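Visitor: I'd like to learn how to read helix contacts in a model like this. Can you walk me through it?

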Amino acid sequence: MSTDSSDLFGALFDAPLANRTVPVLVPMPAPKPYSYSVPEGMAVEPGSVVQVPLGPRQVIGVVWDGGEDGVDPKKLRPISHVFDCPPLTREMRDFIDWVAAYTLSPPGLVARMALRAPNAFEPEPMVEGLKFVGGEPERMTPARARVLDTASDGLSWTRSGLAHAAGVSTSVVDGLITLGIFETIFLPPPPVVAIPDPEFAAARLEGPQKEAAAEIVSDVRKGEFSVSLIDGVTGSGKTEVYFEAIAETLKRGKQVLILLPEIALTASFMERFQDRFGAKPAEWHSDLAPRMREKVWRQAVTGEVRVVAGARSALFLPFEDLGLIIVDEEHDPAYKQEDRVFYNARDMAVVRGRIGDFPVILVSATPSVESQVNGQSGRYSTVHLPTRFGDAALPDLHLIDMRRHAPERGGFLSPVLIRAIGKTVEKREQALLFLNRRGYAPLTLCRVCGHRFQCPQCSSWLVEHRFRKQLQCHQCGHAERTPEACPECGTLDHLVACGPGVERIAEEVERHFPEARTIVLSSDIMGGVKRLRLELEAIAKGEADIVIGTQLVAKGHNFPLMTLVGIVDADLGLANGDPRAAERTFQLLSQVTGRAGRTGLKSHGLLQTYQPQHPVMQAIVSGDSDAFYEREISERERAILPPFGRLASIIVSAETRHDAENHARGMRNAAPQVSGISVLGPAEAPLALVRGRHRFRLLVHGRRNSDMQGFLRAMLSQSPKERGSVQVQLDIDPQSFL
């Protein structure tokens, strides 16, 4: 009679206490779980979060699935402690195993992403509270009367909460406690957010939005795995449509995860969510305070938190009963993690939905080519929103041929764009200038000797940040003060900035429009995320006339008075060898120009370009996205590139160029001969030196049905061992080719 592994593991946990051993997955780069013995009287099950000895340390681990390994429990080290928190579900454990197998990452490192709040593994401490027991003080004051009136409903209060509700100081409450009118009790810790109400403020959808919502809600009601792609132009009401799916999921008693590509987006999104559901979702991102992170983790795993909105790492929260994942701006490169475990959160969200058997919704005004192909093939159901919500019209888009309308000497803005900005400001409307380049200038050189300022640790130029008076490397963070003299020839006042960044564009704008209120938005803005959110709020309130920004301004923001968008360098994203360059440029420029005219005001978009005939430029100004996608998909299919082929990138780095190149060549020679899979390289990576490490790249290319993981496992097993400073990074489905 055959027995599957789950039956075997169940039998193992029913075995006599003295004979029990269990596999424990620790958050370390180990290839498999380690075996531990279970002390007598300790109760564990698959998914239990435990503490175990590992060498001289105590580490967190998860009891994993698996059978008896035949080792005598007496020879194993025992589990030290079992945390009092719900175990990771079978679906979560299967998801961790799947991600590890697909990305060829140690499963312990994947599990580590699900255990990022160690202080949350034990229950939160009870909160000291008060309960009214009756009686009146001999001396009654108006403040005391208000406290007694507030507490007469029989509910329990915290000391500060009662004082606030009664409008008195805490000393008034303390006096009543001393008189024995209140007794101290202990209350459960409060939830991080209130429970959202799906009926709080139901949206009034119309036309295509109403039809789209009905289709999406129908999929949610089935309660089974499906993937829907909401493809709608900017401002078409995509958020309101998927809010209806959230409402239906909440009615069914399930939890919801909403993935967003940028932390900066969460503030405005939170307000929209609260307007619809009467409460904010819980947040999860790197900027969250540690104490709040612990609360959100704990309340997600216990089911107290019903909705979480967060960055890609939120995908690894161990929810109690997840019933829907929404990936907003699904095309965004920010969903790709390129550190330790390389994964794409959009793709892994689909996998988590399949394992948990619940629906996944992808949302974008400019979907990825992969999602478009999946929609066309029927793997995803596509919901299209072709028009903006209400009476709002898309902006009129025009190209500015920079060969015919060149900027003045030393400038970067065409006279055509400058005139348009002037007219916009005169009408008390807002203009947005977009340039996806931080700082003042990407290169600084000496006019006399030609010396160029380069990072000492990377093969990249130092970017001038004039506001900070610094030259900075955007790869490793190296920074140095901007000198007055050339360090090579010693000549004073002959350093020249080459090319524009957003700070330089701001300088030019202030020269032309000295009275205008100007704001510069960039990811390295001083003050971090908090200041960035304040700046975005100011823009939305109309407290700026001209906004100059990087790609941060392209993502999901709603600026009511924005009627002009100017693209300073529309060709910038096309000037590299990235096979996704055309797609990303189209997406980015479409998203940026979509910031204009969202409230119905007549709006315009002007794109400065030296390549007006390029297919990307023609597709954007014509509004014919279908033609662009058709051409891009055809080219991908012809070249057998994703999604019609498969790619994997291997980066070999070392402290010396010789070691990196030799190891990369050794890996290339170890590649098995397999039909349909080829290895390109090794060659120096475009960024050949980063943080003092020399980098060589191998690119593995295969057909769609190729066993890429099997090929790479065989290749790695036969490759030379990593010695000295050599490190190997493996990236399945790479998004970056630097």
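Guide: Start with the contact itself, meaning heavy atoms within 4.5 Å. Here Ala 582, Glu 583, Phe 586 and Gln 587 of H16 meet Ser 625, Phe 628, Tyr 629, Glu 632 and Arg 636 of H18. Those contact residues split into 4 nonpolar, 2 polar and 3 charged, where nonpolar is Ala, Val, Leu, Ile, Met, Phe, Trp, Tyr, Cys and Pro, charged is Asp, Glu, Lys and Arg, and polar is the others, Gly among them. Bear in mind that this is a predicted model: local features need pLDDT of at least 70, side-chain atom pairs count only at pLDDT 80 or more, and totals for chains, interfaces and linings use all residues. Numbering runs from 1 along each chain as its sequence is written, and side-chain values use heavy atoms, leaving out hydrogens and water.

Visitor: At roughly what angle do the axes of H16 and H18 cross?

Guide: Roughly 160 degrees, with the axes coming within 11 Å. Angles over 145 count as roughly antiparallel, so H16 and H18 are roughly antiparallel to each other.

Visitor: How many disulfides does the structure hold?

Guide: A disulfide needs two cysteine sulfur atoms within 2.5 Å, and there are 0 here. The sulfur of Cys 473 has its closest cysteine sulfur in Cys 455, 3.7 Å away, which is too far for a bond. For Cys 476 the closest is also in Cys 455, at 3.6 Å, again too far.

Visitor: Is helix H3 mostly covered or uncovered?

Guide: Buried means under 20% relative accessible area (1.4 Å probe, protein chains only). In H3 (residues 107-114), 7 of the 8 residues are buried, so mostly covered. The cover includes strand S1 and helix H10.

Key. Axes are lines fitted to C-alpha atoms, for helices over the stretch in contact, and angles run from 0 to 180 degrees between N-to-C directions. Helices (H or I, at least four residues) and strands (E, at least two) are DSSP runs, numbered from the N terminus. Angles under 35 degrees count as roughly parallel, over 145 as roughly antiparallel, 65 to 115 as roughly perpendicular and the rest as oblique. Buried means under 20% relative accessible area, exposed over 50%, partly exposed in between (1.4 Å probe, protein chains only).
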